[in-house]
Amino acid sequence: MTTFNRVFLIVLDSVGIGEAPDAADFNDIGADTLGHIATHRNGLHMPTMAELGLSNIRQIEGIKESKHPKAHFTKMQEASNGKDTMTGHWEIMGLHIDTPFRTFEQFPKELIDKIEERTGRKVIGNKPASGTEIIKELGPHHLETGDLIVYTSADSVLQIAAHEEVISVKELYQICEICRELTLDEKYMIGRVIARPFVGKPGHFERTANRHDYALKPFGYTVMNALKDGGFDVLALGKISDIYDGEGVTKSIRTNDNNDGMEKLIESMDEEFTGLNFLNLVDFDAKYGHRRDPDGYGQALETFDQQLPAVLTKLKDDDLLIITADHGNDPTHHGTDHTREYVPLLVYHNGIKRGKELARRQTFADIGATVAANFNVKMPEYGVSFLQEIKS
């Protein structure tokens, strides 16, 4: 018998809560995503998260510590060797990643040569770049030649941008499938190949919602697999299905941005299902963290807080809500990379009389273990369930 009929898991992509003990190993001493955003903005206004207990985890400027927190709260340390999206998410669902995904300043010539040979198109770019900036820079050349705009970032990604009137979305997807096949070799260890279609004219290019990620399959059996095999539902909102390459997903719902993600989550709460509803809100990371925009990041956090009451209102008595993150991305930190940080953990259900501090989690996999224990499916190899601690 399950304790909770539905579990809603929201990952605030990159919303770290202070440097992890091993931050020095990742060149991230002093990183503090939430703390530095709050300081930069002279405080964050997030009353809903305050009531749940965000500042009970550690004080965040502008967010009051709650005398009677509505949620159970703590922070989690990542155990895997990495600080990227896939490593964090895979760990949440019970895996431990020893070998980090690779990042590149420039992809090897041998790989570029193979891409050109297999696709019949030349490659331009081949450097780390902002997606909006590189199409501004190389879009006109691409319109004239049909060459593929290939670029990367601080993530382990190979991204391909193409104008939808020059290379159809269907062809771009086929090109990305070829690149995914070419990069399966362990010497590349690239987490995702991403199709980045755009439209418009020079000076007015705009990326479309037809983005598609081609991820590696998880290196092991996840809690999502266990849920699906056990006959439970796994609803994947946003880029969740892409991150797990569809593994363990029973229904995928694509989203355009954070606002759309929250709207789709709220809509899905009216559905009858038993299992996991898993949402990633990527804008915090992609639009504000990597672009080192603490003002935009702060505004996005406050908008999420305004949307959260609609989620809490729709929760049934046998629903569980978990809010966490997958890594940090301090927009005031050096460079444009993710940051190795603790992540917050807030756990809420209608039966909580008064929230309490949970033991600090030594791995994100404790979430997966808790979900598995709740639905009585195969437990992951890593992680310790906190199900018994949160029942009241």
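Aspartate 285, leaving aside its neighbours within four places in sequence, is in contact (heavy atoms within 4.5 Å) with Asp13, Ser14, Thr85, Asp155, His290, His327, Asn329 and His338. The model is predicted, so to speak of local features requires pLDDT of at least 70, side-chain atom pairs count only at pLDDT 80 or more, and totals for chains, interfaces and linings use all residues. Residues are numbered from 1 along each chain as its sequence is written, and side-chain values use heavy atoms, with hydrogens and water left out.

Aspartate 285 sits in helix H11, residues 283-289, where helices (H or I, at least four residues) and strands (E, at least two) are DSSP runs numbered from the N terminus. Its relative accessibility is 2%, so aspartate 285 counts as buried; buried means under 20% relative accessible area, exposed over 50%, and partly exposed in between, with a 1.4 Å probe and protein chains only.

Not counting residues up to four places away in sequence, histidine 290 touches Ala154, Asp155, Asp285, Asn329, Thr336, Asp337 and His338.

According to the unreviewed UniProt entry, the annotation "binding site" covers Asp285, His290 and His338; such positions are given in the numbering used here, feature names are shortened, and annotations may be inferred rather than shown by experiment. These residues span 54 residues in sequence, yet no two of their C-alpha atoms are more than 8.4 Å apart, so they gather at one spot.

The unreviewed UniProt entry also places a "binding site" annotation on Asp13, Asp326 and His327. Although they span 315 residues in sequence, no two of their C-alpha atoms are more than 7.2 Å apart, so they too gather at one spot. Aspartate 13 lies in the loop between strand S1 (6-12) and helix H1 (33-40), and is buried at 0% relative accessibility. Its contacts beyond four places in sequence include Asp285, Asp326 and His327. Aspartate 326 belongs to the loop between strand S12 (319-324) and strand S13 (343-348), and is buried with a relative accessible area of 0%. Among the residues in contact with aspartate 326, leaving aside neighbours within four places in sequence, are Asp13, Ser14, Asp84, Thr85 and His89.
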